[in-house]
Structure formats: C-alpha cells, structure tokens
Amino acid sequence: MKTLLLAQKDGIARAVELLAEGVPVALPTETVYGLAAHALDPVACARIFEAKERPLSDPLIVHIPSLDWLPRIAFPSALALALAERFWPGPLTLVVPRRAAIPDIVTAGQETVAVRMSGHPVFQEVVQAFGQPLAAPSANRFGRISPTTAAHVLSELGGRIPLVLDGGSCAHGIESTIVSVLENHLRILRQGPVTAEDLSAFAPVSYGPAGVLAPGGMASHYAPRTPLVIDAVPAPRGPRTGLLAWSAGGEGFAVTEFLSRSGDLREAAANLYGAMRRLDEARLDVILAEPVPEIGIGAAIMERLRKAAAR
Ligand code: TXA
Ligand code: MG
C-alpha cells in the first residue's frame with residue numbers, strides 16, 4: 001500500500017472519505033499523531049490494531065467531535081463533566097463507565113472507556129466533518145516512540161496505512177494525561193500535560209494503575225531500539241555513546257540532543273520524542289538520558305524516560 005502525505009487543504013476531505021470506508025488514517029493532535037478510525041465500527045478499529053501490531057488487550061482512546069457526545073457513549077459523573085468543561089478540548093483523557101454503544105474491541109472488554117476531545121484544528125475539522133467519534137491510539141508501531149511529526153508517522157506506518165494528514169509538529173509532544181474518574185477521587189493512570197496540581201483543584205488525586213489495564217501497558221514502552229540509560233552525571237561509555245541532555249551539554253559524546261537549552265520543561269516535552277528518534281537513528285551503542293526536574297510536566301517526561309529505559 002502506498003501512503004499518501006497530504007496537507008490540510010487537500011487532505012481533510014480525503015481523510016473523511018477513508019474514515020467512512022472504515023479505513024484508518026493518521027491525524028495530528030496537540031499531543032502526538034494518532035491513527036484514527038470510526039470508533040463505533042469494530043472492523044475499522046480492528047484495522048488500527050493490525051496496522052500498529054498492537055495486542056487486542058490494550059484499549060483505545062475515543063476522541064469525540066463535541067461535548068454532547070460524552071453522555072452518548074459513557075456515563076459521566078458530575079466530576080467527569082466538570083473536568084471535561086474545564087480541560088476540553090485539550091490534552092486530558094477521562095476514563096469513565098462506558099455505554100453499550102462502544103464496541104468491546106475499543107475497551108478491550110472493560111466496563112470503562114477512555115474519552116478525550118482534541119484541540120488540534122486539523123483533528124477537529126476531520127472529526128466534526130465525519131460526525132462520529134474516532135478511536136485513535138498514537139500512530140506508532142506498538143511499544144515504539146510516539147510520532148510528533150508527519151515524517152515520524154511515515155517512518156512508523158508507511159506502507160501500512162493510506163494517508164497521513166500533515167499538521168506540523170505537535171505542540172505538547174507527549175501523550176495526554178489519562179485520569180480514571182472515581183467517586184470523588186481521581187487516579188492518574190498516565191502523567192501528561194495536564195498535571196496532578198491542575199487536577200487537584202477538582203478532587204483528591206492518587207497515582208495509578210489499579211484494577212484497570214495499565215496505560216502504556218507494560219513497564220517498557222515508548223522505547224528506542226538503542227539501549228537507553230538514565231544517568232544524572234553522564235560520561236561517555238565508549239565512542240558510540242549518545243547524550244539526551246536536559247539543558248547543558250556534556251563533552252565527548254558521539255551525538256548530543258538537547259531537550260531545552262533554556263531549561264523550559266514544556267519545550268523539553270515537545271522535543272522529547274523527536275530527540276529520542278534522532279538518537280535512535282544514529283547507530284549508537286547506548287543513549288544516556290539526563291533526568292529533568294520532576295515539577296509540572298517534568299513528571300510526565302520522567303515517566304516516559306523510565307519506560308524507555310526499562311527493558
Ligand atoms: O495524547 C494521546 O492520548 C494520544 C493521541 C493520539 O490522542 N493517544 C494515545 O493513545 O496516546 P494510546 O493508545 O497510544 O495510549 C492510550 C492508553 C493505552 O495505553 C491504554 O492502555 C489506555 O490509554 N486506556 C485506554 N482505555 C482505557 C481504559 N478504559 N482504562 C484504562 N486505560 C485505558
Ligand atoms: Mg501509544
């Protein structure tokens with residue numbers, strides 16, 4: 001299969017056509033690129049799992065065109081509705097009790113569904129023109145680094161899907177925060193751009209996964225092929241050592257990628273996956289990653305680095 005790369009202007013109508021045929025297409029969101037298909041069509045969703053080589057035990061996030069879709073596919077509590085009103089459209093995913101309208105393949109048979117509303121203008125235009133919710137995991141092969149540009153999607157899924165809509169680089173660069181909405185209590189299942197501090201204004205917050213399938217599945221995830229080691233005082237371990245630097249550089253590395261030279265954690269998040277991908281392509285023996293401060297979105301960056309390091 002040939003994969004077309006189209007800009008917004010020509011791409012939106014074609015994306016909607018393909019979605020209506022039950023074919024998945026890659027779309028930009030404000031977090032990372034997603035591989036989207038009609039969420040209420042189980043066969044279309046099955047094609048997502050196929051293209052990504054994703055195990056069927058790993059459920060998908062449903063992206064809705066507008067807020068009124070939330071009660072059509074789920075049973076949101078007052079707390080869930082308050083969070084949706086505050087943070088949507090945006091990088092927050094709510095795990096709430098599902099309605100029967102959602103196919104089992106989307107939830108991996110669980111009684112909850114993960115829902116979000118993307119704020120990316122291209123994604124919004126497509127989902128609103130299509131008029132149905134879209135199931136969309138990150139547009140990478142299973143277990144690999146999430147794509148933050150259209151070129152990344154091509155290198156992950158080129159030849160496996162018909163269309164990538166190019167919406168430029170993703171603003172946040174890491175995946176949405178996932179929060180399980182419990183009775184008067186929130187459990188963060190995956191850290192992301194919306195922080196625990198942001199959420200704690202609504203209800204007490206704890207960290208998760210308990211009782212549900214862990215997002216990002218296993219301990220190892222978001223992983224480059226080259227071994228990655230977190231090292232607070234990195235020094236070259238041979239001539240083919242790469243450095244994923246926080247903001248200041250080390251000496252003597254074959255390749256150094258900076259997350260943010262100005263020490264800005266939001267910029268670091270936006271650069272993280274592209275930098276990991278470039279290091280992974282540099283034929284290194286090992287990548288040393290400097291830890292970043294675990295404040296604000298820094299906690300989500302460190303969660304990704306720990307998963308990339310676990311193998
Ligand atoms: O930013 C994002 O969330 C991106 C963009 C494309 O929207 N999507 C994304 O999807 O990161 P994905 O599939 O790569 O990660 C979603 C995670 C999965 O690891 C899955 O285990 C978890 O969400 N998940 C989905 N449904 C769930 C549920 N009902 N309960 C708990 N976890 C769930
Ligand atoms: Mg993913």
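## Terms and basis

Contact means heavy atoms within 4.5 Å. Helices (H or I, at least four residues) and strands (E, at least two) are DSSP runs numbered from the N terminus. This is a predicted model, in which local features need pLDDT of at least 70 and side-chain atom pairs count only at pLDDT 80 or more, while totals for chains, interfaces and linings use all residues. Residues are numbered from 1 along each chain as its sequence is written.

## Helix 4

Leu79, Ala80, Leu83, Ala84 and Phe87 of helix 4 (residues 78-87) are buried, that is, under 20% relative accessible area with a 1.4 Å probe and protein chains only, exposed being over 50%. These residues cover an arc of only 135° around the axis, which puts them on the same side of helix 4. The face turned away from this buried side carries the exposed residues Ala78, Glu85 and Arg86.

The packing partners of the buried residues of helix 4 are helix 3 (70-73), strand 5 (92-97), strand 9 (177-182), strand 10 (185-190) and helix 8 (196-199).

## Helix 7

In helix 7 (residues 150-157), the buried residues are Ala150, His152, Val153, Glu156 and Leu157. Viewed down the axis of helix 7, they fall within an arc of 150°, so they line one face of the helix. The arc is that of the directions from the helix axis to the C-beta atoms.

Among the elements against which these buried residues pack are strand 1 (4-7), helix 2 (42-52) and helix 9 (265-280).

Conventions: Chains are lettered from A and ligands numbered from 1 in the order in which they are written. Side-chain values use heavy atoms; hydrogens and water are left out.
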